[in-house]
Amino acid sequence: MGQYIHLIFPLVIGWGFAFAVIALSHFLGPKKNLKTDLTPYECGVEVVDLPSSKNRFDIRFYLVAILFLVFDLEVIFLFPFAYIFKSVATVSPFLMIEMGVFIAILLVGLFYVWKKDVLIW
Amino acid sequence: MNELIVHFGIAVLLFAVQAQIVPVLIWLERRGAGFIQDRLGPNRVGPLGLFQPLADALKLLFKQDVVPTQVHTLFFLIAPAVVVGLAAMSVATIPFGDTFTLMGQTYVLQVADVPVGLLYLLAIGSFSVYGIMLGGWASSNKYALFGAMRASAQMISYELGLGIGMASIVLLYSTFDIRDIVLAQQAGLLSWGIIQAPWIFVLLLVTIFAETNRLPFDLAEGEAEIVGFHVEYSSMKFALFFMAEYMHMFVGSVLLVAFFFGGWALPGVSYVNLTSWLQSFIGGSFEIASVLTVLLQLGVVIAKTFVILWIFIWVRWSFPRFRYDQLMRFGWQGVLPYAILSFVLTAACVYVKG
């Protein structure tokens, strides 16, 4: 453990600071709570409906999230390779070829979604 | 026990530095905008308008903290705290200075000197999407929700570039420990990352711009025209979102300094010699001299950071904002292939150098 326990300090300080400031402004500020203050802010236009699970949003947000998951997982696999590369590369050039194949597959995937016009907004 | 207290002290010091950077940066941004646009900028409150951010903060503190009736109160309340808390947590593994001795024990000016600092940073950085999404969703406002969607789609798109850029850094230095990365650059100007691999610097600079939602990537909240995820927030909660943005800018810049500009390294300056000179100069204990040296290193890091922060401001007032389709196209068809290319290029360089 050792040093890891110190990671808790910024957590405590940062969150403590944030909640303290929010509480302070809650006590210091006025509390008029006019009727218009408490409605959703829509530039003064009458509110038609609130967002709910029935509301639709653009499918491309969903596609971006899925693509992010796929590519981010690939990024995770780059890290162990990057970590050992300097010490192993000179010993075994095979590692280089292996990683080249992996990155090529990654690029093929990117090329596929590119041609499928998923990335066009 | 002593060790815990000293580290808590370091954590408080670094949080104070980070929180104090924010008003200075706001002042610098507004004066810088004035300078670039050939006007004065704020100059009424205090000398050169230096107390303007303080006055703004006081004003926000005394504003009404509106909680509209439709919001999910708990999440609405914690979202700004999540954003600021995560920004504060992300400095934990960044070194701001070398070793110093206190009461017979040696410490480093770093909250936690963990061997997986870079991975920790990446994890905490990814979490900040949650704060924005939580704030936008809990507001129960259509525009806030759309703003949050836009912001998170942007952030996750550019996070890929950031992740691969970080992997390239690991490849270059073959360590996850940011302190080791800085120590590897102490051997003079030629060992600095900016000389070793300038292409990663370009990649990380662009992705950090996008991650911090700075212009030209500020689609999340464009102050002047676009309604962003924090439209329902008021008073200090609103200020916390902005504070977090500036804190993230600071963290990103410190990170760039640590990766590419040698952290506290100054070409031609030997800190060991400096410590012994200081010791003979004040004619006393080694401990005081080492603490003074470390504070000097902190100053050097912050001075270098401000150079990068000035680039942030300079770009903000020089370039127009992207359109959303341009932003996504640039992220997926520009930054991502470039990131993969830079990874391969770095691997080739490391391989050739042996």
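**View 1. Contacts of L215(B) in the predicted model**. Not counting residues up to four places away in sequence, L215(B) touches F209(B), V315(B), R316(B), F319(B), P320(B) and R321(B).

**View 2. Location and burial of L215(B)**. L215(B) sits in the loop that runs between α8 (198-211) and α9 (235-260) of chain B. The relative accessible area of L215(B) is 11%. L215(B) is classed as buried because this value falls under the 20% limit.

**View 3. Interface of chain A and chain B**. Chain A gives 62 residues to the contact and chain B gives 85 residues. About 6500 Å² of area is buried between chain A and chain B, and carbon and sulfur atoms account for 79% of that area. Zero salt bridges are found by the rule across the interface of chain A and chain B. For polar contact, the rule finds three residue pairs across this interface, both residues of each pair being at pLDDT 80 or more.

**View 4. The side of chain A that touches chain B**. The elements of chain A that give two or more residues to this side are α1 (8-28), α2 (59-88) and α3 (94-115). By residue class, the side of chain A that touches chain B holds 46 nonpolar, nine polar and seven charged residues.

Terms used. Residues are numbered from 1 along each chain as its sequence is written. Chains are lettered from A and ligands numbered from 1 in the order in which they are written. This is a predicted model: local features need pLDDT of at least 70, side-chain atom pairs count only at pLDDT 80 or more; totals for chains, interfaces and linings use all residues. Side-chain values use heavy atoms; hydrogens and water are left out. Contact means heavy atoms within 4.5 Å. Buried area is the accessible area (1.4 Å probe) that two parts lose on being put together, summed over both. A salt bridge is a side-chain nitrogen of Lys or Arg within 4 Å of a carboxyl oxygen of Asp or Glu. A polar contact is a pair of N or O atoms within 3.5 Å; within protein, one must be able to donate a hydrogen and the other to accept it, and residues adjacent in sequence count only if both atoms are side-chain atoms. Helices (H or I, at least four residues) and strands (E, at least two) are DSSP runs, numbered from the N terminus. Ala, Val, Leu, Ile, Met, Phe, Trp, Tyr, Cys and Pro count as nonpolar, Asp, Glu, Lys and Arg as charged, and the others, Gly among them, as polar. Buried means under 20% relative accessible area, exposed over 50%, partly exposed in between (1.4 Å probe, protein chains only).
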